[in-house]
Protein chains: 2
Amino acid sequence: MTTACQACPLRKKPLFQQMSDDELVFMQKFKKGELSVQAGTTILLEGAASPQLFTVLRGQGLRYKTLEDGRRQVVNFVFAGDFLGLQSALMGEMKHTTEATTDMVLCVFDRNELWNLFRTHPGRGYDLTFLGATEEHFLGDALATLGQREAIERVAWALMRMWRRAEGLGLTGSGTAPLPWKQQDLADAVGLSLVHTNKTLARLKREGIAVWQDGRLALPNRARLAEIAMYDDGDIVQRPLF
Amino acid sequence: MTTACQACPLRKKPLFQQMSDDELVFMQKFKKGELSVQAGTTILLEGAASPQLFTVLRGQGLRYKTLEDGRRQVVNFVFAGDFLGLQSALMGEMKHTTEATTDMVLCVFDRNELWNLFRTHPGRGYDLTFLGATEEHFLGDALATLGQREAIERVAWALMRMWRRAEGLGLTGSGTAPLPWKQQDLADAVGLSLVHTNKTLARLKREGIAVWQDGRLALPNRARLAEIAMYDDGDIVQRPLF
DNA sequence: CGTCTTATTGACATATTTCAACAAAGGTGG
DNA sequence: CCACCTTTGTTGAAATATGTCAATAAGACG
């Protein structure tokens, strides 16, 4: 009773590159099933080797690293279309934890077939490398944000980022984007304390730039937010889907 | 008069995975020549599409992003064995600048043959993806360092990182590692001001933990440095060489 | 009706930045 | 060979952005 790749709702989204018929057939074979998890579930655990790879079909999540002393760095927010577990498949173990923030549905792949993928479908292997390069690009931007920008710029950057990603998935039709995370999650993503993050969000709201409440984000002054964030709109490019 | 891959001095270093004879032959064909550049030269420019890919054969460099207002984030320090330009080859343009800190020698590859590589040598394609995952891992660690750690921990982390990398290349035989960069470069890497970076380095020196002067780093108390850095020694794994 | 989680706000503490001045070293041109 | 200038490193004092502490509010849930 799973979704056929043919009928995958993500394929038509503007965010993703088109797939050839041949690739579609291959992906259907590659796909082993679906996994439904409740909000709060840990999908991949830092330090563990996962026998599986996932593509997010529905729902949102969080990827983070935990330091020895308990501090936490949110590495990225997880949206539909994200491919999870590649690190583990290649390097033996995950370097961060992935957790479901909302209920989620994931396509499941077998990591043992990854090598097969490279051998029989070099185009898909190429796409996987591309995906890695995309992630690398994102992390470079994030690094520059944490290293060089002040609080309001960091928060603005993170909000822009999430907004754009939601937009690429066609989730902003209502004028708001779903952001089911907590302020603490954002704080851990941008490297600020919870209190200061809260005050910064309050300022953006007070100035009529961005309003994040009840799990949804509205941008009454998106241009201004992009300006504060020094956000490069070419930032998100079409990406391959797995 | 270039170095034959067969005789590549990097191949035997403990840092790199071994290559099959077949792969060696292929790499020799893939390699188009060598490029020698002087210290200070820009090798790859942010925003530009490079027709070439490089592997660092000798020398050290720097990768950084520049923000609109001139602030600079050093993304990573470049050592021998690093593969440069993959982002440009896959995504059309580089997302950061790469610059030679010392004189450098680079192996040159043709980006147009990248697709060929995936098709005819899936194992090498796999390795390329692996390399991307390694970089992603590193950037995740860097992000956690900038986001969650205080000044002395950040500096300690960066020094450990560079030391370990030099060690993997067999560069620490003398008891010191070559670190040809400026304090400003380190400051831009860890997201601290130059002044505070300087004072933090002074403290590490005063306490007999790490001494960086005249372009070389000595670690009279490496255990303590690793402790401050919360440095995970399993951090650097064997990587493929291109 | 309590209890728990999340968001909010003010007051205070402090790590880090900024400003400024100086020292050491190397290069250049007279 | 020496004055001069540029680059890099060093140090103290003052300014400030952000963190920490503490208390309250608002909603969810059993």
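Student: Is R124(A) buried or exposed?

Tutor: Buried means under 20% relative accessible area, exposed over 50% and partly exposed in between, with a 1.4 Å probe and protein chains only. R124(A) is buried, because its relative accessible area is 2%. This is a predicted model, where local features need pLDDT of at least 70, side-chain atom pairs count only at pLDDT 80 or more, and totals for chains, interfaces and linings use all residues. Residues are numbered from 1 along each chain as its sequence is written, chains are lettered from A and ligands numbered from 1 in the order in which they are written, and side-chain values use heavy atoms, with hydrogens and water left out.

Student: Where does R124(A) lie, and which residues is R124(A) in contact with, leaving aside its neighbours within four places in sequence?

Tutor: Helices are DSSP runs of H or I with at least four residues, strands are runs of E with at least two, and both are numbered from the N terminus. R124(A) belongs to helix 4 (residues 122–148) of chain A. Contact means heavy atoms within 4.5 Å. Apart from neighbours within four places in sequence, R124(A) is in contact with residues including M19(A), E23(A), P240(A) and L241(A). The side chain of R124(A) also reaches the backbone oxygen of L241(A) at 2.9 Å.

Student: At what angle do helix 5 and helix 7 of chain B pack?

Tutor: Axes are lines fitted to C-alpha atoms, for helices over the stretch in contact, and angles run from 0 to 180 degrees between N-to-C directions. Helix 5 (residues 151–168) and helix 7 (residues 194–206) of chain B pack at about 75°, with axes 10 Å apart. The two helices of chain B are therefore roughly perpendicular; angles under 35 degrees count as roughly parallel, over 145 as roughly antiparallel, 65 to 115 as roughly perpendicular and the rest as oblique. Among the residues making the contact are I152(B) and L159(B) of helix 5 and T200(B) and L204(B) of helix 7.

Student: Which residues come nearest to DNA strand C?

Tutor: A residue is near a strand if one of its heavy atoms lies within 4 Å of it. Of the 13 residues around DNA strand C, K182(A), Q183(A), N198(A), A151(B) and S193(B) come nearest. For A151(B), a backbone N or O atom lies 2.9 Å from a phosphate oxygen of DNA strand C.

Student: Which helix gives the most to the surface near DNA strand C?

Tutor: Helix 7 of chain A does, with four residues.

How values were computed: A polar contact is a pair of N or O atoms within 3.5 Å; within protein, one must be able to donate a hydrogen and the other to accept it, and residues adjacent in sequence count only if both atoms are side-chain atoms.
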